[in-house]
Amino acid sequence: MIEVDIPGFKVLHLEHLVLDFNGTIAIDGDLLPGVAARLNHLASMLTVHVVTADTFGKAAGELEGVDCRVSVLGKGEQDRAKLDYVNQLGADRSVCIGNGRNDRLMLEAAGLGIAVVLLEGASSVTLMAADIVCRDILSALDLLVHPLRLTATLRA
């Protein structure tokens with residue numbers, strides 16, 4: 001669990017990390033360098049979930065050796081499916097990271113929503129739903145490794 005009291009924002013009691021796959025931790029279906037190690041480190045503090053449409057069909061193979069739960073979604077209403085997944089975990093106890101339009105609802109519902117802008121860009125509605133926007137996934141994950149960075153960014 002990660003707990004951080006952010007003045008003027010809220011007290012976070014985070015138990016789950018929910019991530020989109022492609023565009024968030026992978027590009028063109030390939031896991032980005034450094035992500036596996038960072039996720040395995042965070043798995044000692046949070047339960048790590050990857051919720052994906054698996055556009056390239058590579059998520060399970062790319063995440064082999066990563067301490068996480070992988071859920072592949074069906075083709076319809078992926079935004080609602082991701083939101084339902086997070087709500088079942090407890091949205092207020094979840095930090096969600098994504099970039100696509102289908103990530104907007106889970107970021108908005110999460111105790112902490114983080115949007116990332118990688119090579120494929122990010123949906124503007126997802127950016128608006130996020131509490132924080134990061135330039136890359138390692139920066140986003142490092143906010144959880146060093147939670148005082150959250151305080152510095154989100155305090156009133």
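Q: What makes strands S3 and S8 a pair, and which way do they run?
A: In this predicted model, local features need pLDDT of at least 70 and side-chain atom pairs count only at pLDDT 80 or more, while totals for chains, interfaces and linings use all residues. Residues are numbered from 1 along each chain as its sequence is written, and side-chain values use heavy atoms, with hydrogens and water left out. Strands (E, at least two residues) and helices (H or I, at least four) are DSSP runs numbered from the N terminus. Two strands pair if DSSP finds at least two bridges between them. S3 (residues 16–19) and S8 are joined by 4 bridges, so they pair, and they run parallel. Valine 18 stands opposite cysteine 96 in S8.

Q: How many bridges link S8 to S9, and what is the handedness of the crossover between them?
A: S8 and S9 (residues 112–116) share 4 bridges and run parallel. Leucine 112 in S9 is the bridge partner of valine 95. From S8 the chain passes through helix H4 (residues 104–109) to S9, a β-α-β crossover that is right-handed. The term applies if, with the strands pointing away from the viewer, the path from the first strand over the helix to the second runs clockwise.

Q: Why is S8 called mostly covered?
A: Buried means under 20% relative accessible area, exposed over 50%, and partly exposed in between (1.4 Å probe, protein chains only). In S8 (residues 94–98), 5 of its 5 residues are buried. Ser94, Cys96 and Gly98 point one way and Val95 and Ile97 the other way, and all are buried.

Q: Why is asparagine 22 called buried, and which polar contacts does its side chain make?
A: Asparagine 22 has a relative accessible area of 12%, so it counts as buried. This residue lies in the loop between S3 and strand S4 (26–27). A polar contact is a pair of N or O atoms within 3.5 Å; within protein, one must be able to donate a hydrogen and the other to accept it, and residues adjacent in sequence count only if both atoms are side-chain atoms. The side chain of asparagine 22 reaches the backbone nitrogen of glycine 29 at 2.7 Å, and it makes a polar contact with the side chain of glutamate 120 at 3.3 Å.

Q: Is threonine 52 buried or exposed, and why?
A: Its relative accessible area is 2%, so threonine 52 is buried. The residue belongs to strand S6. Its side chain reaches the backbone nitrogen of aspartate 54 at 2.7 Å.

Q: How do you know that the buried residues of H1 line one face?
A: In H1 (residues 35–42) the buried residues are Val35, Leu39 and Leu42. Seen down the helix axis, they fall within an arc of 60°, so they line one face. The arc is that of the directions from the axis to the C-beta atoms.

Q: What makes a set of residues a nonpolar core, and how many residues has the largest?
A: A nonpolar core is a set of buried Ala, Val, Leu, Ile, Met, Phe, Trp, Tyr and Cys residues joined through side-chain atoms within 4.5 Å. The largest has 38 residues, and those with the most contacts inside it are Leu17, Leu19, Ile25 and Leu144. Helix H6 (residues 137–145) gives the most to this core, with 5 residues.
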